[in-house]
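Hi everyone, thanks for coming. Let me put the structure up on the screen, and then we can walk through it together.

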Amino acid sequence: MSEILIGTAFNDMVRIYCVDSTDMIEDVRKQHDLWPTAAAALGRVINITAIMASMLKNEDERIIVQINGGGPIGTIMAEGKGNGDVKGFVGDNEIYLKYESTGKLAVGLAVGKNGYLSVSKDLGLKDFFTGKVELQTGEIGDDFAYYFALSEQVPSVVSLGVLVDVDNSIKASGGLLIQLMPGCSEDVISEVEKIAGELKPISSLINEGLISEDIIFKYFPDAKIYSKKQTRHKCDCSRDRFKGALTTLSINDLKEMIEEDHGAEVKCEFCNTTYKFNEEELESIVRFKQDV
């Protein structure tokens, strides 16, 4: 369980979100057996997804983030709900790339930038709200800053970081989102630009022992913390949900599973849980479809 701190600064002209997600991303790493660069990429996406989910008004609302930049990691997907639950997965978990010049994990190379970033919001209405932008760097933080500016018209500073230890465990992970509110003065904009220029990587700050509150007040001494929201890594998949998914298959496909495979095995990509359905269960689905 992690906690997202939400505050304001400069007389409410700036909104700030900060989360230390170290334990949560370590849980994600273990569940998906992520190699270092895959862990850094998925961790960054889950961090910002958790922050964006904290903006949702109702517990059953959700936000779905999808990124594919044509790089070796493939598709990255994350989902966050208004109740604080967040989950995600990557196309290839065995990615370990570094930049030769710095020795840092090469998230941008793993993700690529020949593709898109898509954010869909399920607010319980008939249609989803979806915003889609071209990737700028594949480093995730820059791409979300571009998304907020273009799709939501909110100038933002986005700092996302995952520091991986020598044993591949997560040493530090977190996210910081700074957004300018409508009507923000030029003086405040200049101050935020100055702060953005001085901002240390969020994972470095957390690794130094700073908690979310320390980080906010380090850069915004006049900040006011007005809300704290819990976030946790949790998948809401179930056997019933996957059985429902099987009912969307054609009768011919179901019969093929019965005759050739003598059952079906379905794995949840978000948590790697496997659900098995025997011949009798598949036959009952066939009968159900025939009666409809």
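Let's start with the aromatics: Phe144, Tyr147 and Phe148 form one cluster, where rings of Phe, Tyr and Trp (its six-membered ring) pair if their centres lie within 6.5 Å. Before going on, a word of caution: this is a predicted model, where local features need pLDDT of at least 70 and side-chain atom pairs count only at pLDDT 80 or more, while totals for chains, interfaces and linings use all residues. Residues are numbered from 1 along each chain as its sequence is written, and side-chain values use heavy atoms, with hydrogens and water left out.

The structure holds six aromatic pairs. In one of them, the ring centres of Phe89 and Phe270 are 5.0 Å apart with planes at 75°, so this pair is edge-to-face (planes over 60 degrees apart; under 30 is stacked and the rest are tilted). Phe89 sits in strand β5 (residues 85-90) and Phe270 in the loop between β11 (263-267) and β12 (274-278), so the pair ties together parts 181 residues apart in sequence. Helices (H or I, at least four residues) and strands (E, at least two) are DSSP runs, numbered from the N terminus.

Are these two buried or exposed? Phe89 is buried at 9% relative accessibility, and Phe270 is buried too, at 12%. Buried means under 20% relative accessible area, exposed over 50%, partly exposed in between (1.4 Å probe, protein chains only).

Stepping back, buried residues make up 50% of the 292 in the protein chain. That chain has 10 helices and 12 strands, and its C-alpha trace spans about 70 × 45 × 35 Å along the principal axes.
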